[in-house]
Amino acid sequence: MAEAKRLEWNVSGMDCASCVAKVTRAVERMPGVSDVSVALMAEKLSLNLVPDTTPTEKIEAAVKSLGYGIAPRGTAAQRKGLVLPEPAASPKADHDHDHGPGHAHDDGHDHGPDCGHDHGPGLGDHDGHDHHPTVGKADAGHGSPGHVHHDPADRGKVWYQTGKGRLIIITGVLLAVAWAIDLSTGHAIGYWAFVAACVIGAAPVAQRAIAAARMGQVFTIESLMTIAAIGALFIGAAEEAALVVFFFAVGEVLEGVAANKARDGIRALANLVPKTALLVEGTGTREVPASELVIGQIVLARPGDRIPADGEIVEGTSGVDDSPVTGESVPVTKGPGAAVYAGSINTEAALRIKVTKAAEDNTIARIIRLVEEAEEARAPTERFIDRFSRWYMPLIVLLSVAVILIPPLTMGGDWTTWIYRGLTLLLIGCPCALVISVPASIASALSAGARRGLLMKGGAVMEAAAKISQLAFDKTGTLTHGKPQVVDVVPLGAATEADVLRLAAAVEAGSSHPLARAILTRAAGMDLPEATGEKAIMGKGVSAMVEGRALTVSSPRHATEQGALQGADIARATALEQEGKTVAVLYEGRTALGLIAMRDEPRADAAEAVKQLRALGITPTILTGDNPRTAAAIAASLGTEFRAEMLPEDKLSAIRDMAAHGGVMMVGDGINDAPALKQANVGVAMGSGTDVALETADAAILRDRVTDIAATIRLARATMANIRQNISLALGLKLVFLVTTVFGLTGLWLAILADTGATVLVTLNALRLLNYDPER
């Protein structure tokens, strides 16, 4: 059997999680289709398809029949910016979306109920042009990764120029005409005018209800709307039926606007990368699409220009504003050899930059990709709501039937009255507001965090971060700058300071450890002898043969265990450690030749970060390989707990011990601490946008600010509070209207207004997170 290929499309017009469920179920039953993933905010459909089973045209037709626009993601012509997808003659395709890079990903979770929305007549009609979906990861176009202008026919249009807007106008005009006829000619003729308004407005809703039912999706809002409209006409409530259709169309437009707003944060990221670049050729330059730059080419960034690609400065020195990428507001002076990011702003002087990353793999592209994937890594709360919604909607339908049948049959109730109440209950039953309550908040929070250099990989991570009660810091490179400097050289015995530095540097010459680099930096300019037979002593030091002598550079503890550090020399090493310095001992056999003391200064905001964490009720602990005296001095200056002399495996045990007393977040550099980052409930990597920092942990902080750790936790807690508000609002409104409906206090038009209104209110509440500042 042929191997399945991963295909991707852009799907426009999805407003809530119910739309996701409808699209998913429409295609997952097709032969050869598996691992279907639909991302709401990224507007992306990806799936595995076995060749020669289901034609891609059939998949696209199924999605279109549900009222959504669909186009292959990142076709070759789009990548080159030569053509755009043909406009959809469809109100459902009325959005203008810039997408991040495609990345095939399967969330593997259940989706919510099919209580999707009416998308207006004639949706998603992409006329027969050749559709060849992308295989695997989508490429970039127009200078930004995966940048696709979907449905350009509606680009720049106000609401009343879109398909959904036209549906509102049509139904509104029909209502007004019906009322005019009713007032001028009497109710007999006016009644039929309302019937006409209802039928014309509800026809596209019924079309999509039938299409969904054919795919096995019976319980959709379209089907409930159709039943309610027919039932209302059957009992003579034509005016209210027409009102229901009108309010439903209004709610659809409001939901679309709200969902569109939630996507703005990611679109803004994609738009940061300039569309063109100045390619250096000989003594001149040529303007080329930024998406066509290849690794190794040289580009020119003039003062005031946005840098077109991730790269390395080869000529020039200038202030570079990285705030679009990392959120760091202060420009940093960078010169030859320094890394720069696509989208950053060159503020002072011309720079020549060698491209090091293709457009689809630059830092902004990877951030967008991570945010898109994070949306699919759903929170436990969201998965629970989806499961709850699966039986909630059928239950409401059964309850509606019971309300219609039981009172007339058992208590002699009026059939018209109870049919009316049952139909009203049916409209209230759609859980749209409930299923959108979590993903809307998560998407808004992910966008808000990405703008500030705070990345969390999904709702599950965000939910775990909100429950954190303990935090473990790696010291070097996290709380400190990670660049220790030699501050004291103490020769022992007959050795001189120069001898100690020269021999220790020779032993450490092949090491990349920060302490080794500090010694080598201090010994710069010295004529170092050659070392042979280098041997690392795991977690303790290094040894080598230098000038025929077996020398070792190690921690004082190891040197003491070997009998090389004794008496007064131990006291001298201890005194240096109590000053917060890290001490290395150079010895030969059982003879100590000298002590080298180094200090790695804490970051300027480390103490403030610890203060903020304690204010949040979180206990910070330093996990370090340093000796207890050095660790105690640093911990005391910052106000943290500490555990010292820890090897990598010891850190894992410490994380497990801490986890027994509550949620644990581990913060490290994303490289040496990878096992501990994975062991913690939430692993956070600090790395200024490096590949490892972005890919290794559950969350990443792009700015080297320790206070951003507290900001990440505040954002997570604010998001979960927002989700609780949304769930309470959605369920509360449902409960109120369920009760009022049974007692006859709620009419049909109020029921549909309550349903769509609740969805809009929940989405607007979630959008507040876009403006949330977690640094306050």
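These notebook entries record what I looked up in the predicted model above.

**Entry 1, conventions.** I number residues from 1 along each chain as its sequence is written. I take local features only at pLDDT of at least 70 and side-chain atom pairs only at pLDDT 80 or more, while totals for chains, interfaces and linings use all residues, and side-chain values use heavy atoms, with hydrogens and water left out.

Of the 776 residues, 58% are buried (under 20% relative accessible area, 1.4 Å probe, protein chains only). I looked up contacts (heavy atoms within 4.5 Å) with a separation of 6 or more: 73% of them join residues 24 or more positions apart.

I use nonpolar core for a set of buried Ala, Val, Leu, Ile, Met, Phe, Trp, Tyr and Cys residues joined through side-chain atoms within 4.5 Å. The largest one holds 76 residues, and Leu 45, Met 665 and Ile 709 touch the most other members. Helix α25 (residues 707-742) gives this core its largest share, eleven residues. Apart from this core lies another, of 42 residues, including Leu 243, Ile 404, Leu 427 and Ile 752.

I then listed the contacts of Met 665, leaving aside neighbours within four places in sequence. Among them are Ala 465, Ile 468, Leu 471, Val 682, Ile 709 and Ile 713.

Helix α14 (residues 459-466) packs on α25 at about 105 degrees, with axes 8 Å apart; axes are lines fitted to C-alpha atoms over the stretch in contact, and angles run from 0 to 180 degrees between N-to-C directions. α14 is therefore roughly perpendicular to α25 (65 to 115 degrees). From α14, Met 462, Glu 463, Ala 465 and Ala 466 meet Ile 713, Ala 716, Arg 717, Thr 719 and Met 720 of α25.

Helix α16 (residues 497-508) and helix α17 (residues 514-522) pack at about 130 degrees, their axes 9 Å apart. The pair is therefore oblique, the class left for angles that are not under 35 (roughly parallel), over 145 (roughly antiparallel) or 65 to 115 degrees. On the α16 side I list Glu 497, Leu 501, Ala 504, Ala 505 and Glu 508, which meet Ala 516, Ile 519, Leu 520 and Arg 522 in α17.

Notes: Buried means under 20% relative accessible area, exposed over 50%, partly exposed in between (1.4 Å probe, protein chains only). Helices (H or I, at least four residues) and strands (E, at least two) are DSSP runs, numbered from the N terminus.
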